[in-house]
Amino acid sequence: MKKILAITSIIITASLSGCLKDDEFLSKQPTNLIGEEQMWKDPGLVLSLLGNLYNRYYDIETVEDWASFANLNDAFPSENGAYGRVQNVDWGYGDWGTWDYGYIRDMNLFIKKCAAADKLEEGVRNRFLAEARFLRASYYFELAKRMGGVPLILEPEQYDFSGNPTYLQHPRAKEGEIYDFVISEAEAIKEVLPANVNEKSRATKAAALAMEARAAIYAGSIAKYGVNTPQVTLPGQEVGIPAEKANDYYTKALKAAKDIIDGQAGAYGLYTKKPDLSDNFASLFTDKANNPEAIFVEDYKLQSGKTHSYTLRNQPRSTAEEQEGGRLNPALNLVEQFEKLDNTFAPLATQSGSNYIYYNTPTEIFAGRDARLGGTVLLPGTLFKGKPVDIWAGLQLGDGSVVTGDIPGARKVVNGTEMQVVGYDGPINGYEFIAQTGFYVRKYLDPTVGSGQRGVQSDVWFIRYRFGEMLLIAAEAAFELNDKETAKDYLNTLRTRAGLTTPLTAADITFDRIVHERRVELAFEGHYLFDMKRWRLAHIVWDGNAMTAADLVSNIGSATKRNTQPWGLWPYKVFDPTSPNNGKWIFKEVLPNRVLASDRFRFGNYYSYIGDDIINNNPQIVRNPNQ
């Protein structure tokens with residue numbers, strides 16, 4: 001991809017030399033343009049065209065689109081201009097939609113012209129073609145996830161200016177037909193693409209198999225669980241997949257994921273470089289050197305013009321390299337999901353009966369948990385770039401009152417002594433750019449010095465497909481095919497990396513366990529929304545009802561647990577010199593006061609709205625249901 005990025009614009013800056021006669025001047029070929037004939041015989045120039053297509057790959061919830069994570073209540077948006085994300089009840093029917101047939105046309109043009117480029121060496125040309133087909137299938141997959149079945153256009157169509165455009169108007173394919181296309185394309189190109197574990201930002205055999213595995217698991221779950229929402233279907237199957245096809249899709253998902261796991265596409269594996277398991281999990285997303293887990297990524301490079309501001313916008317404020325950060329605050333809702341090392345689900349213990357539980361340090365309450373928690377979330381009292389994250393909400397006095405401040409690190413006189421009464425990293429209700437939930441995000445936060453500076457920023461990549469997800473897909477597919485023995489083996493491989501030392505048994509493998517494992521392993525990687533949609537759980541999880549503190553800490557690990565508002569956990573430092581608890585820590589569950597509404601996912605949100613302009617131009621397009 002570095003080579004691709006280096007050739008993003010094809011401009012030749014040669015200058016005319018010497019004097020020309022007038023007729024010679026008028027017939028001179030332009031030197032700042034490259035003709036098609038020249039283009040399609042030069043591999044470097046063709047690669048530059050392909051690079052343009054790679055750069056238009058469609059993602060949401062990435063290191064560039066991180067703000068959207070706060071839409072789903074696994075995080076709170078600590079920024080004045082973003083509070084609307086937790087103050088609206090409904091999502092728009094058009095949310096998450098896409099309909100970029102200009103991109104599809106460009107890919108179809110590339111494929112047609114590349115196929116005819118007989119001056120290219122055959123092996124080079126075939127790889128280019130396979131990459132373009134991978135990108136086209138990837139975008140059709142994204143269309144299916146959002147829109148359901150769409151017109152399947154595989155040729156670059158041309159308007160003939162006859163005044164009759166009807167021959168360009170195509171109906172929507174069945175939803176299952178789009179998934180079938182994605183799967184068949186992956187099968188067709190996988191052997192053409194290189195099986196090269198060191199190639200991360202261009203399509204490889206593993207990337208094709210990973211796309212196939214993910215598409216098949218999506219299709220399988222829509223087929224199986226779509227029966228639970230009969231109102232989310234269309235009679236022509238533009239939305240909805242027949243239930244009898246579920247096992248076929250699960251079988252394909254298992255085989256494709258297993259091919260990667262068994263090394264048939266290269267020596268991929270779990271990232272296990274560091275002895276501290278939380279540090280190891282965090283490093284998986286930032287370490288670009290010989291990382292065996294990353295399969296296909298969006299890459300960035302410092303001083304190339306392609307960097308991102310994820311770390312700048314979300315770093316802990318007190319230790320920031322700029323006065324920036326703190327916007328994405330993980331919610332307690334998510335933090336509570338990380339289970340104890342004995343495989344049990346339990347809320348973080350804040351009280352015993354009506355009494356607070358006192359902890360010696362602000363980190364002690366999180367001890368004995370799945371190591372992925374510390375690798376996903378920056379917890380109070382932990383370190384980032386070697387500096388402590390200073391999160392605490394105030395002093396808890398012996399008489400039960402609280403002394404706090406309204407600016408980070410505020411100081412007040414308490415018992416005749418001036419002292420700090422709130423953390424430099426918050427939390428303070430309504431104070432933007434600090435941890436209003438009591439947490440900062442850690443996943444994808446770049447630990448490199450300079451990554452939080454505006455002039456430098458970060459070149460940490462975004463991983464689109466990784467080995468850990470393949471274990472999850474294989475486990476889910478095996479479970480759905482009634483092979484719990486195989487499913488537990490794949491899950492235990494992943495959980496051992498997370499420090500969960502008691503292996504699951506086949507009897508432990510349930511649908512709730514499958515759902516839970518994806519939520520904690522893949523948090524902040526862009527899967528949560530589409531997982532809830534494909535399992536037809538979204539209207540249950542986001543049912544529009546407010547969450548009480550009791551709701552928050554009950555039914556942890558349940559696939560149908562409500563998640564409509566982002567809660568926080570605030571630490572308080574005990575100040576009571578006459579008590580043995582002086583200097584210890586207590587914790588309180590808090591709903592940030594900017595949270596004014598509860599999210600409701602409507603049946604019309606399962607598939608995004610198709611614009612009136614699209615339907616007016618093509619009357620064969622059927623609207624999605626419930627809109």
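1. Patches here are made of residues with over 30% relative accessible area and no salt bridge, like charges being joined within 9 Å and nonpolar side chains (Val, Leu, Ile, Met, Phe, Trp, Tyr) within 5 Å. Y159, F161 and Y167 form such a nonpolar patch on the surface, together giving about 340 Å² of accessible area (Shrake-Rupley method, 1.4 Å probe, with only the protein chains shown as cover for residues). Y159 sits in the loop between helix 6 (122-147) and helix 7 (175-189); helices (H or I, at least four residues) and strands (E, at least two) are DSSP runs, numbered from the N terminus.

2. The model is predicted: local features need pLDDT of at least 70 and side-chain atom pairs pLDDT 80 or more, while totals for chains, interfaces and linings use all residues. Residues are numbered from 1 along each chain as its sequence is written, and side-chain values use heavy atoms, with hydrogens and water left out.

3. Salt bridges (a side-chain nitrogen of Lys or Arg within 4 Å of a carboxyl oxygen of Asp or Glu) number 53 in the structure. E339 pairs with R513, with the closest N and O atoms 3.0 Å apart. E339 lies in the loop between helix 12 (332-335) and strand 4 (351-352) and R513 in helix 16, so the pair ties together parts 174 residues apart in sequence. Both E339 and R513 are buried (under 20% relative accessible area; exposed is over 50%, partly exposed in between; 1.4 Å probe, protein chains only).

4. R372 and E517 also meet in a salt bridge, at 2.7 Å from N to O. Because R372 is in helix 13 (residues 372-376) and E517 in helix 16, this pair ties together parts 145 residues apart in sequence. R372 is buried at 1% relative accessibility, and E517 is buried at 0%.

5. A network of salt bridges links twelve residues by name: E293, E339, D370, R372, K443, R466, R495, R497, R513, E517, E521 and E525. E525 is found in the loop between helix 16 (511-521) and helix 17 (528-534) and is buried, with a relative accessible area of 6%. Beyond its neighbours within four places in sequence, E525 is in contact (heavy atoms within 4.5 Å) with E61, F69, F285, K443, F462 and R466.

6. G423 lies in the loop between strand 12 (417-420) and strand 13 (440-441) and is buried at 0% relative accessibility. Leaving aside neighbours within four places in sequence, G423 is in contact with D390, W392, P408 and G409.
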